Number of protein chains: 2
Amino acid sequence: MTYLSSAPLDRLDQHRQQFPALANKAYFNYGGQGTMPQGAIDAIQQAHEYIQKIGPFSGASNGWIMEQAKQIKMAIATELSVPPETLTLTEDVSVGCNIPLWGIDWQAGDHLLLTDCEHPGIIAAAHEIQRRFGIEITTCPLMATLNEGNPTDVIAQYLQPTTRLVVLSHILWNTGQVLPLAEIVQLCHAQPKIVRVLVDAAQSVGMLPLNLTELEADFYAFTGHKWWCGPAGLGGLYVSPDAQASLSPTFIGWRGITVSSSGQPTGWMADGRKFEIATSDYTLYAGLKAAIAYHQQWGTATDRYHRILQLSHSLWQKLSELPHVTCLRNAPPESGLVSFTMEGQPHPAIVQALEQQNLLVRTILDPDCIRACVHYFTAEAEIEQLVEAIACAQATNL
Amino acid sequence: MTYLSSAPLDRLDQHRQQFPALANKAYFNYGGQGTMPQGAIDAIQQAHEYIQKIGPFSGASNGWIMEQAKQIKMAIATELSVPPETLTLTEDVSVGCNIPLWGIDWQAGDHLLLTDCEHPGIIAAAHEIQRRFGIEITTCPLMATLNEGNPTDVIAQYLQPTTRLVVLSHILWNTGQVLPLAEIVQLCHAQPKIVRVLVDAAQSVGMLPLNLTELEADFYAFTGHKWWCGPAGLGGLYVSPDAQASLSPTFIGWRGITVSSSGQPTGWMADGRKFEIATSDYTLYAGLKAAIAYHQQWGTATDRYHRILQLSHSLWQKLSELPHVTCLRNAPPESGLVSFTMEGQPHPAIVQALEQQNLLVRTILDPDCIRACVHYFTAEAEIEQLVEAIACAQATNL
């Protein structure tokens with residue numbers, strides 16, 4: 001991390017100046033939505049202008065859009081260490097989760113294993129599949145493994161001979177815990193009848209250095225608008241080459257199919273487009289590409305993750321020292337998510353009061369806590385500002 | 001249509017100047033994608049800037065996004081004459097069709113009726129549902145009713161006691177025929193066991209003056225990026241109040257569900273959000289709102305449709321006079337879509353040659369033809385330019 005040695009503050013200031021959202025606040029909601037670099041916003045605007053110039057609907061614009069799709073898949077593929085053909089572009093991480101959830105050829109009596117830390121939308125989708133196809137769902141308690149115990153052991157206890165799919169998050173969105181995904185996948189794939197693993201990667205993509213080929217998860221659903229700081233409305237799904245044939249598309253449009261010379265559907269696209277649906281906001285491809293490139297200018301994924309850990313350690317440490325604040329984790333965080341509780345007022349009131357001071361954090365309902373996120377470009381001064389305000393809010397309540 | 005009486009050309013020129021796409025070409029692909037007014041592009045850019053200023057993830061930005069969603073639903077509801085609560089925002093018309101297609105509680109042996117003029121993506125979705133749930137599909141021949149016969153009679157012949165859903169387009173995307181939707185819906189709803197009607201409204205919304213409450217179709221899926229000239233990536237679905245309870249969500253995320261105080265899913269949103277999934281590009285709401293407002297500045301939906309008919313009549317007439325061009329319709333068009341065949345070179349080569357001259361039309365595979373679309377703001381000079389080029393292309397081939 002050579003960038004830390006030579007005038008780091010100047011370089012950080014310069015880097016941060018490209019994020020207009022950071023000009024008027026201290027920002028800790030990267031797990032909700034990342035701050036877009038100006039270059040990403042500009043790229044979207046330029047894409048709109050270019051599409052109007054050469055189209056909007058023309059041979060030229062259709063070709064350009066296909067090229068943009070190729071380029072954003074290349075950029076994502078490089079970050080995730082996967083072949084670009086394994087990637088499906090989606091509107092968001094929920095769509096990315098729904099594709100495998102609905103795409104498995106469920107039979108009555110099949111078992112799906114959830115964890116107790118999944119996003120409510122994903123839980124609701126699983127329960128609707130239960131209703132539609134007569135599957136069984138159980139939920140395993142991973143929240144309790146934040147400070148002790150082994151998530152892999154818990155999952156092992158909950159696997160059944162009928163289990164076909166485990167749904168979990170790589171980083172738990174509520175507590176910030178990083179699950180030992182490689183180990184869990186190994187466990188699932190080693191079952192007599194293979195158990196597939198669907199990963200909600202909302203918090204891990206753009207935060208962790210990733211090699212999905214080595215991790216071997218079957219389905220890995222992500223979004224560009226959180227830790228990658230891209231525009232809202234563009235995410236994706238990685239489907240491992242091994243799992244691809246086992247999955248059928250559910251929501252279907254012209255993008256996922258092949259057609260005959262007379263326009264009749266003949267089958268699915270051979271690559272990740274198989275699960276894409278229809279018209280999207282293609283200008284976002286240029287936006288996300290610009291955002292990813294901007295992070296790469298700063299440092300490698302490993303560099304950025306190390307910096308996130310330094311900063312979340314610092315935030316965790318400072319919060320832990322406040323008398324009436326309790327960090328959920330006993331040990332320094334493994335991610336950029338720092339969750340904590342405060343005595344005194346209810347958490348929503350505290351979050352609202354902090355927003356009034358231009359300090360942006362959020363509440364989590366389960367467990368009832370406040371979540372503050374740091375990115376690699378978070379300023380130490382921002383952390384100090386937040387901790388001071390929290391200390392102050394505490395003092396006022398006492 | 002008072003605007004035609006007082007210096008119409010000046011007003012038209014002025015109106016057209018707000019569409020950057022019209023500056024360098026003659027455009028006839030509104031059925032593929034509409035030309036965005038500059039105000040819509042600017043609104044998107046401003047929304048991006050505003051979201052970064054107040055968020056991107058904050059109490060303020062979440063509130064603002066909810067308000068934007070409300071406003072775009074109001075704008076759409078006014079254009080379609082429906083209560084805003086009946087509207088679901090989707091990424092595109094295909095998603096809007098997939099929601100009812102998958103949301104019906106299909107039982108093996110149920111019958112779904114398609115027409116032979118539906119978009120291949122929708123046909124593929126229907127066939128996947130057939131595979132998943134063991135339903136039966138038949139396809140009724142409406143293409144042949146372009147110049148003779150009655151589509152309602154054809155559909156009546158194809159209804160079965162087991163038919164649960166008819167899927168058709170309000171305006172056929174290949175031939176431009178406008179189906180007698182009210183009559184067809186009446187027929188379907190009068191069956192001993194009610195037959196629901198799903199309408200692919202890709203070509204009708206933004207072209208026809210619409211009152212969906214009177215039309216009584218059960219499901220009406222549309223997009224903002226064709227005849228409304230909004231941004232790609234935003235469409236919607238109308239679900240009639242009567243049909244709402246019969247439909248379950250399929251792709252599910254946080255937007256469609258209600259949660260308990262501890263964040264557990266408790267049910268569906270009571271209004272059209274029930275079928276919305278998760279994070280979208282919310283900046284598009286401002287873009288589409290601006291586009292719709294821009295059309296309203298010109299005239300009412302009825303005014304605009306009448307102007308479209310004048311212009312498509314003119315194009316149809318001029319094309320019909322060319323010796324080696326055959327318009328698919330014998331009578332003047334009922335919509336802005338004018339489809340025709342040409343002798344000589346294959347249609348793709350002709351379309352490509354026209355694009356070289358900045359004249360944008362497209363091919364259709366079934367029936368094999370060329371499709372040219374006119375909007376209410378198409379210039380007569382554009383039509384003349386296209387007809388001349390086609391006459392010229394013909395002359396060259398002979």
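This report describes the fold of chain A and its interface with chain B in a predicted model.

## Fold and overall dimensions

Chain A contains 13 helices and 15 strands. Its radius of gyration is 22 Å, close to the 21 Å that the globule rule gives for 398 residues, so chain A is as compact as a globular protein of that length.

## Burial and contacts within the chain

Of the 398 residues in chain A, 62% count as buried.

## Surface and charge

The accessible surface of chain A amounts to about 13900 Å², and carbon and sulfur atoms hold 53% of that area. As for charge, chain A carries 22 positive and 37 negative side chains, with the centres of the two sets lying 7 Å apart.

## Interface with chain B

Chain A and chain B meet through 76 residues of chain A, which are in contact with 75 residues of chain B. The area buried between the two chains is about 6300 Å², and carbon and sulfur atoms give 59% of this buried area. On the chain A side, the residues that lose the most area to chain B are A:Phe57, A:Arg132 and A:Phe251, which together make up 13% of what that side buries.

Notes: Residues are numbered from 1 along each chain as its sequence is written. Chains are lettered from A and ligands numbered from 1 in the order in which they are written. This is a predicted model: local features need pLDDT of at least 70, side-chain atom pairs count only at pLDDT 80 or more; totals for chains, interfaces and linings use all residues. Side-chain values use heavy atoms; hydrogens and water are left out. Helices (H or I, at least four residues) and strands (E, at least two) are DSSP runs, numbered from the N terminus. The radius of gyration is taken over C-alpha atoms; the globule rule is 2.2 Å times the number of residues to the power 0.38. Buried means under 20% relative accessible area, exposed over 50%, partly exposed in between (1.4 Å probe, protein chains only). Accessible areas come from the Shrake-Rupley method with a 1.4 Å probe; for residues, only the protein chains shown count as cover. Lys and Arg count as positive and Asp and Glu as negative; His and the chain ends are not counted. The place of a charge is taken as NZ of Lys, CZ of Arg, CG of Asp or CD of Glu. Contact means heavy atoms within 4.5 Å. Buried area is the accessible area (1.4 Å probe) that two parts lose on being put together, summed over both.
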